[in-house]
Amino acid sequence: MNPAKRKADLLFSKIIRAKGVCEAEGYLFDCDGRLECAHWIPRRHSWTRTVEDNCFSLCRLHHAWFTNHPADFHQWALSKRGVDTYYRLRSRALSTVTFDWPAELARLRDIEGDGDDPRIDDQVG
């Protein structure tokens, strides 16, 4: 994987998980507390991989349940973000333009506010 892409993934997950709560809290069962970054449009689409509207902070249990029940996840996500957001993300995901991972990493570092995070740099090597 491209090093800038890997660093962007790690930083983006950190930004999403910084919400500090499972966004599906109370949905079907109790949360386990460990947060993960869950993607609505799959991660294989670079143009939506690090878009905040495409992701949810979910506990490990809700993330696993939604992964195994994609139609339920889609309906739940629609109820949270709306159909217009879904179609905007879907359209963006289908872009054939090459994605600029170094520029995206810089954008995420600006959002996160810490500049370079040595923990992220160390995980990539």
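The report below takes the pockets in turn and then a helix contact.

## Basis

This is a predicted model, in which local features need pLDDT of at least 70 and side-chain atom pairs count only at pLDDT 80 or more, while totals for chains, interfaces and linings use all residues. Residues are numbered from 1 along each chain as its sequence is written, and side-chain values use heavy atoms, with hydrogens and water left out.

## Second largest pocket

The second largest pocket has a volume of about 180 Å³, and of its 13 lining residues Asp9, Ser13, Cys37, His39 and Arg43 lie nearest the centre. Helix H1 (3-17) supplies the largest share of the lining, six residues, and by class the lining has four nonpolar, three polar and six charged residues.

## Contact of H3 and H4

The axes of H3 and H4 come within 5 Å and cross at roughly 115 degrees, so the two helices are roughly perpendicular to each other (a class that spans 65 to 115 degrees). Trp65, Phe66, Thr67 and Asn68 of H3 meet Pro70, Asp72, Phe73 and Trp76 of H4, where contact means heavy atoms within 4.5 Å. This contact comprises five nonpolar, two polar and one charged residues.

Technical notes
1 Å grid on protein atoms, 1.4 Å probe; cavity = no way out; pocket = protein on both sides within 12 Å on 5 of 7 lines; lining within 4 Å. Points joined across faces, edges and corners; volume = space filled by probe spheres on them. Helix = DSSP H or I, 4+ residues; strand = E, 2+ residues; numbered from the N terminus. Nonpolar A, V, L, I, M, F, W, Y, C, P; charged D, E, K, R; others polar. Axes fitted to C-alpha atoms, helices over the stretch in contact; angles between N-to-C directions. Parallel < 35°, antiparallel > 145°, perpendicular 65-115°, else oblique.
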